[in-house]
Each structure stands twice: as C-alpha cells, then as structure tokens.
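This report describes how the inside of a protein model is put together. Look at the sequence and structure first, then read on.

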Amino acid sequence: MQNRWTDHYLWTSDNVRLHYRDFAGGREGQPALLCLPGLTRNARDFQALAERFAPRFRVVTPSFRGRGDSGYARDPLSYVPLTYLQDLGRLLDEAQLSSLIIIGTSLGGLMGLLLDGTQRSRIAGLVL
C-alpha cells in the first residue's frame, strides 16, 4: 500500500532536524489542517484523522523536537514553549501554510493558542 503522505524535514535555528508529514488534499485557497500533538506524542497520533480529512484538506502533522522522527536538541533548556513556537513559525514558512486550522491536544493545544496570538493572520480556526 502506497503512503498517502510525504515525510519532510526542516532545520531549526539551533540545528535540530524537525519532521512533519504532509497529507496532500484540499483546494486552492482552502485552509490546511495543522495537527499539533501533546507533550510526549508525535505526528503519528493524527494518522487516522489525517487520512479521513486529507481528500478534502491538506493536513500537516509535525513532531516537536525530541519526539517521533524529529531530532533532539543539545540544549535541554530549548524544550520550552517559546522555542516550540519558533520551530512552528519556521514550519509554517517552510510548508507554505498561509491559512490554517489548528487541531491541538495538550501541549499542541497550548501551542495552537500561542500561534493564534502571534500568527493571527494565518489562523482560520482552532480546535482544542
């Protein structure tokens, strides 16, 4: 069975390689779904949701630093919401996400709220 997603990687400002899955779908001008996992979780948590919604929406599911297929940071003090927010800003630019609906659980919900406060022009909705 062929994957319904593509795996992508990007580098953070402190040289941590972050992983995200991109499920193609949706129409031009339609918001993408950005699924943010909880504290000890990863991109695979949203596999079933992404497969269900990918025909109608583009779905992007990242793993935060130190989780899933993302790399670990050398500095343990970088595992804080401000750094995650910077990482997500880089992801939004890299994946060209100009309009999105965030679906977040636990830490992902907190990060969704922070993104809404800092990237308001990009956020079309937030599900916690």
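Which residues have the most contacts inside the largest nonpolar core? They are Leu34, Leu36, Leu97, Met111 and Leu115, in a core of 23 residues. This is a predicted model, in which local features need pLDDT of at least 70 and side-chain atom pairs count only at pLDDT 80 or more, while totals for chains, interfaces and linings use all residues. Residues are numbered from 1 along each chain as its sequence is written, and side-chain values use heavy atoms, without hydrogens and water.

A nonpolar core is a set of buried Ala, Val, Leu, Ile, Met, Phe, Trp, Tyr and Cys residues joined through side-chain atoms within 4.5 Å; buried means under 20% relative accessible area, with a 1.4 Å probe and protein chains only. Strands (E, at least two residues) and helices (H or I, at least four) are DSSP runs numbered from the N terminus.

Helix 2 gives the most, with five residues. A second, separate core of ten residues includes Cys35, Phe57, Val59 and Ile103.

Aspartate 22 lies in strand 2. With a relative accessibility of 11%, aspartate 22 counts as buried. Its side chain makes a polar contact of 2.6 Å with that of arginine 58. Such a contact is a pair of N or O atoms within 3.5 Å; within protein, one must be able to donate a hydrogen and the other to accept it, and residues adjacent in sequence count only if both atoms are side-chain atoms.

Notes. Buried means under 20% relative accessible area, exposed over 50%, partly exposed in between (1.4 Å probe, protein chains only).
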